[in-house]
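Q: Can we go through the ring contacts and the nonpolar packing in this one? Start with whatever definition you need.

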Amino acid sequence: MTPHFAERAGVRTFIHEGPSLAPRLLDLEVPSCEELRIVLPLASNVAAGVLKALEGRRYGSAVGRILCGGAAHLSYHRMIVTDQPERPYDYGQPVVLDGYITFISGAITVGRDARGAPLLHCHAGFLDRNGEQHGGHLVLDKLIVGSEPLTIRLCLFDQVAYQVQPDAETHFNLLHPVLKELS
Amino acid sequence: MSVAVTEDSLVQDGRLGRLVIARLKPNEDLIDSAEALCKEHGIALAVVRGGVGSLIDGQLSYLGREGMIQIHVPGPGVEILSVSGEILSGASRLQAVVADADGKLYAGRLERGKNLTFITVELTLQEWLPD
């Protein structure tokens with residue numbers, strides 16, 4: 001099937017190349033979570049800092065926000081059109097920024113790769129030194145804290161994880177909620 | 001601007017309870033999905049704890065002098081940078097910051113039925129349990 005747009009109740013929908021299978025919402029429940037506040041110092045690498053803060057903790061995955069802070073260097077991706085019918089939209093080449101970068105907002109999922117190692121998924125918005133707006137898929141292992149400390153809040157949960165699995169509908173590898181055995 | 005107070009504030013003691021960890025597949029509306037998840041898990045009121053993903057197009061709004069003003073964010077591939085707010089069946093109020101494919105930022109109230117998942121949305125909700 002060729003990917004294309006359709007319409008439902010006046011709103012544009014998108015038909016991906018793969019099969020659209022039910023259920024459309026995948027969900028699991030856990031009884032509670034553990035809260036974590038992480039303040040990363042100037043010049044630190046954000047992925048390394050977050051993973052170090054999580055080291056030794058019992059958790060399946062975590063979700064949270066970038067609360068405030070700045071960056072000296074970052075790399076992010078925006079969605080572009082491709083010529084691949086199975087994946088007609090994908091992330092383009094990285095946009096790299098240096099200098100004084102101020103965070104406006106950001107969301108993080110700490111998932112798991114196929115082997116169970118932590119995997120960071122982050123979208124964020126920020127202003128560069130000229131006041132220009134930027135937002136997209138942020139690569140945390142290329143993000144260096146700058147100007148001021150970066151504060152992140154995470155909600156850690158166990159027994160359930162967001163784990164990467166191939167998605168036949170979109171042809172992306174995506175985070176899915178899965179049950180984890182008690183460790 | 002000065003407006004007379006006509007109602008008492010609602011102050012609730014309580015705590016956060018269960019988490020619902022979800023993935024929304026393509027073409028699912030953010031607000032409708034959040035309410036469906038709460039209904040399925042027997043949750044009366046929830047807060048958004050996490051939201052990462054993309055939308056086909058974004059439809060936001062804000063209250064202007066002449067009512068709700070619409071902000072259309074053309075996609076596809078409108079990136080969700082943050083979502084916050086409360087889920088209450090039929091009366092949810094969610095706000096979002098999103099970015100278009102040029103990286104330009106937009107913010108506002110999410111309009112029901114008009115913010116459909118493009119590739120995926122990781123959405124995590126947490127129950128509010130008043131004492």
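A: A charge sits over a ring if NZ of Lys or CZ of Arg is within 6 Å of the ring centre and within 35 degrees of the ring normal. This is a predicted model, where local features need pLDDT of at least 70, side-chain atom pairs count only at pLDDT 80 or more, and totals for chains, interfaces and linings use all residues. Residues are numbered from 1 along each chain as its sequence is written, chains are lettered from A in the order in which they are written, and side-chain values use heavy atoms, with hydrogens and water left out.

Q: OK, what sits over the ring of Phe5(A)?
A: The charged end of Arg12(A), 4.1 Å from the ring centre. Arg87(A) is placed over the face of Phe172(A), with 3.8 Å to the ring centre.

Q: And ring on ring, how many aromatic pairs over all chains?
A: The count is 6. Rings of Phe, Tyr and Trp (its six-membered ring) pair if their centres lie within 6.5 Å; planes under 30 degrees apart are stacked, over 60 edge-to-face, the rest tilted.

Q: Why is the pair Phe14(A) and Phe118(B) edge-to-face?
A: Because the planes are at 75 degrees, with the ring centres 5.2 Å apart. The pair crosses between chains, from strand β2 (residues 11–15) of chain A to strand β8 (residues 117–130) of chain B. Strands here are DSSP runs of E, at least two residues, and helices are runs of H or I, at least four, numbered from the N terminus.

Q: Is Phe118(B) buried or exposed?
A: Buried, at a relative accessible area of 1%. Buried means under 20%, exposed over 50%, partly exposed in between (1.4 Å probe, protein chains only). Phe14(A) is buried too, at 3%.

Q: What about Tyr89(A) and Phe118(B)?
A: Their centres are 5.5 Å apart and the planes are at 80 degrees, so this pair is edge-to-face. Tyr89(A) is buried, with 15% relative accessible area. Phe5(A), Phe14(A), Tyr89(A) and Phe118(B) make up one aromatic cluster.

Q: Switching to the core: which residues touch the most other members?
A: Leu74(A), Phe103(A), Leu138(A), Ile152(A) and Leu154(A), in the largest nonpolar core, which has 29 residues. Such a core is a set of buried Ala, Val, Leu, Ile, Met, Phe, Trp, Tyr and Cys residues joined through side-chain atoms within 4.5 Å.

Q: Where does the largest share come from?
A: β9(A), with 5 residues.
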